[in-house]
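Trainee: Could you take me through this chain, giving the general idea behind each feature before the particular case?

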Amino acid sequence: MSTNRVVTVVQDEDNVIAEVCNLIQSISKKAIERDDVFKIGLSGGSLTKFLSIGLPKIDTDWSKWRLFFCDERVVPLESADSTYGIYKNALLGVLPLTEHQFVKIDPHLPAEEAAKDYIQKMAVHFPPDSLPRFHLLLLGMGPDGHTCSLFPGHRVCEETSVWVAPITNAPKPPPSRITFTFPVVNNAENCVFAVTGATKAEIVKRVLKDNEPLPAGRVKPTDGTLHWLLDSEAGVHVKDVQ
């Protein structure tokens, strides 16, 4: 199987948000029709802003959603660094989602134990004895080419056996995190990157045009679709790339 990659460059951030939310709406609808559930992995960073703006506008059966985290900082849930905390504050009370629909880390455990605990929490939602297959993973990319908490040159990028790995020495704060590994990321039905702004133009070019083997460039679903949604500033060097 080969990855079906679609690169879309739109005018500005508002258009990126609209494109992301159109994709979420259509993927969630198909998933719920087929599987009676929609399993989505969220990321932090600018995606929290995009989804806070865009999700309230989409038409979906929110009761069927199960929301996971592609990576998470091992910090208290009320901390400003908690990705779950950001989404909770932005979405609960705005959308008809409950706290129980979010599959959260146990922030009281050290990273190593939190990763194992998260695997157990995930396992409840997927068939036994097989890699989890998410309907959709929403991904961002840092200026160094990292995605999730898969940082360039970090040994966790070579992890092939566990679904979720701990990191205690992340090169950006906070240092203690858990992250999905490439086997899980690349088993998803859909992976969607949403990247905006001129500061990302160079790294977008390195990943999509120069094919540098940076972590974001290693996201290649083995039996799924990879979407890159870029605004005109981030996508300035890759308008002819597919």
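Mentor: Helices (H or I, at least four residues) and strands (E, at least two) are DSSP runs, numbered from the N terminus. In this predicted model local features need pLDDT of at least 70 and side-chain atom pairs count only at pLDDT 80 or more, while totals for chains, interfaces and linings use all residues. Residues are numbered from 1 along each chain as its sequence is written, and side-chain values use heavy atoms, with hydrogens and water left out. On that basis, the chain has six helices and nine strands.

Trainee: How compact is the chain, given its radius of gyration?

Mentor: The radius of gyration is taken over C-alpha atoms, and the globule rule is 2.2 Å times the number of residues to the power 0.38. Here the radius is 17 Å, close to the 18 Å that the rule gives for 242 residues, so the chain is as compact as a globular protein of that length. Along its principal axes, the C-alpha trace spans about 45 × 40 × 40 Å.

Trainee: What percentage of the residues is buried, and is Thr225 buried or exposed?

Mentor: Buried means under 20% relative accessible area, exposed over 50%, and partly exposed in between (1.4 Å probe, protein chains only). Buried residues make up 55% of the 242 in the chain. Thr225, which lies in strand β9 (residues 225-231), counts as buried because its relative accessibility is 18%.

Trainee: Which residues does Thr225 touch?

Mentor: A contact means heavy atoms within 4.5 Å. Leaving aside residues up to four places away in sequence, Thr225 touches Asn4, Val6, Glu189, Asn190 and Cys191. Across the chain, 76% of the contacts with a separation of 6 or more join residues 24 or more positions apart.
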